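Biologist: I would like to go through the ligand site and a few backbone details of this model. Please keep the answers brief.

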Amino acid sequence: MQFLLHHNVIIQAIAGNHHEILEQCRDVKSAGWVLSNSLATIHSHLSKTMEMDEAHDALKKALQGIPVASLTGTDLVETPPSADLDYLDSLAVRTVEVFKLDGIITLKPKVFAESEIRAFPPGELTQVLEEGLASIEKVPILDIPATYPQMWNDVEHEMFKVVRSGHFILGPKVEELEEQIAGYTQAPYAVGVSSGTDALLLALMAADIGPGDEVITTPYTFFATAGSIVRTGAKPVFVDIDPITFNMDVQKIEAAITPQTKAIMPVHLFGQCVEMPPLLELADKHKLLVIEDAAQAIGSEYLERRAGGMGDFGCFSFFPTKNLGGFGDAGLVTTRSKEFYEKLKILRVHGMEPKYYHSMIGGNFRIDALQAAIILAKLIHLENWIDDRRNNAQRYHRLFRKFALSDQFSLPMEIFPRHVYNQYVVRVHYSQRDELKEYLNSRNAGCEIYYPLPLHLQECFKDLGYKKGDFPEAERAAGETLALPVSNEVTQEQQQWVIEKIRAFISSH
Ligand SMILES: Cc1ncc(COP(=O)(O)O)c(C=O)c1O
């Protein structure tokens, strides 16, 4: 839950009263925000009994790990005057409303009696949290604002630095992101682009893949994987998946290689790596390029090598639902080749080098500096978030076993550590997957089917000549899988609540 800390609480906490409230509000489960407009009030209060710099230090120390909520100019202008509240308290009410907080922690709750928001003193926080846990009403598959308290100050600061600079496309922030992600993924070079889809398309273009070429990939993935192959004029050649990992079955690749094959595009689906060593060996033997679709797998590892850093290219997505998501569309291509790196950079800007001279046809694949700044500010949390996701996955495992649900479901297995659980996908072992999904969704328990129709059966790919039955494991997975909320912000209590709903469904059928 998230609350606003009234300035009277912060003043008292610095004075040594209710000091534990700040500690409690540094926890993501009971995050406390402070209203930026109240900082001057707190400061001038402290200055009555302290030197100016002492007051400044005390305030800075108290606010460590506490996000600062700033209202926009329009919020301020539109905040109506109130007969009961002074201006700062009216702004506090507005902050609770616009940031969708769960209430205000204040020494004088009665002041807010006429407002719509919940107001309570610091001593009641534990009770409010307990009540909140006892009355969970919904668990979305992903709740992005729930992670804001951890990173808000850094993200906001970096965003506004970009806006103030007036430099919005490419530039130093993008270069910094490229350097950081190259280091993180263990790839020598990285090129920031406009989306994960464009990362795939750009990698294929840099590899000169086009009409007459074939690229081997999986039919059980997001559309962009095969869509980008077709957009170059090349043909996607599918091989079936391994039923345990949901990733392409590496044993089936060799039989699909023809003289036209130019590349293999493995997809590290849901956050677990494809079995890369035999795939890389095969690619080497047949002189094929390897373009990793690591859109769902940043931070995933295979024998300590990172997703996207093993093939010739690694393609990443920073779509908001990914483990490292921007506030919009963005992506990135890594590569191990300096030559490909130079080409990717030129193709990213319409094949232009030098300015207004075009030796090849590229496109607008540019990433904007705002996304780069946001992703960089979030990157420092990624390892912790991966740990949280992995812990959540383990907790689901325990809960499914504890309630003897293992007969009805099979759980995702970590065959190649480390799985980063962009999705926690179970198989529903009886023919009621769609009914279960409807049941859970209608009770506000988030769940999603990734993906209901494999790519070889998609209408737009019918010219490829595939038919039902060609890839039985991909088809079976499409009919059985269901993703549950596993993201880093999902709490133990929320997972228990989701499992309760699943149990209720099972017992009613
Ligand atoms: C496996 C896979 N490939 C490619 C993409 C495309 O990324 P984006 O949505 O950033 O274009 C996604 C994103 O959903 C994905 O999951």
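Biologist: How far is an oxygen atom of the ligand from an N or O atom in the side chain of Q296?

Modeller: First, this is a predicted model, in which local features need pLDDT of at least 70 and side-chain atom pairs count only at pLDDT 80 or more, while totals for chains, interfaces and linings use all residues. Residues are numbered from 1 along each chain as its sequence is written, and side-chain values use heavy atoms, with hydrogens and water left out. A polar contact is a pair of N or O atoms within 3.5 Å. For the Q296 side chain and the ligand oxygen, the distance is 2.8 Å.

Biologist: Which residue has a side-chain N or O atom 2.7 Å from a nitrogen atom of the ligand?

Modeller: Around the ligand there are 15 residues, and those that come nearest are G196, T197, D293, S317 and K322; near means that a heavy atom of the residue lies within 4 Å. G196 places a polar backbone atom 2.8 Å from a ligand oxygen. The side chain at 2.7 Å from a ligand nitrogen belongs to D293.

Biologist: Which helix gives the most to the shell around the ligand?

Modeller: Helices are DSSP runs of H or I with at least four residues, and strands are runs of E with at least two, numbered from the N terminus. Both α10 (196-206) and α11 (224-231) supply at least two shell residues. With 3 residues, the largest contribution is from α10.

Biologist: Where is D208, the residue with a positive phi?

Modeller: D208 is not a glycine, and its phi is near 60°. Its place is the loop between α10 and β7 (214-217).

Key
A polar contact is a pair of N or O atoms within 3.5 Å; within protein, one must be able to donate a hydrogen and the other to accept it, and residues adjacent in sequence count only if both atoms are side-chain atoms.
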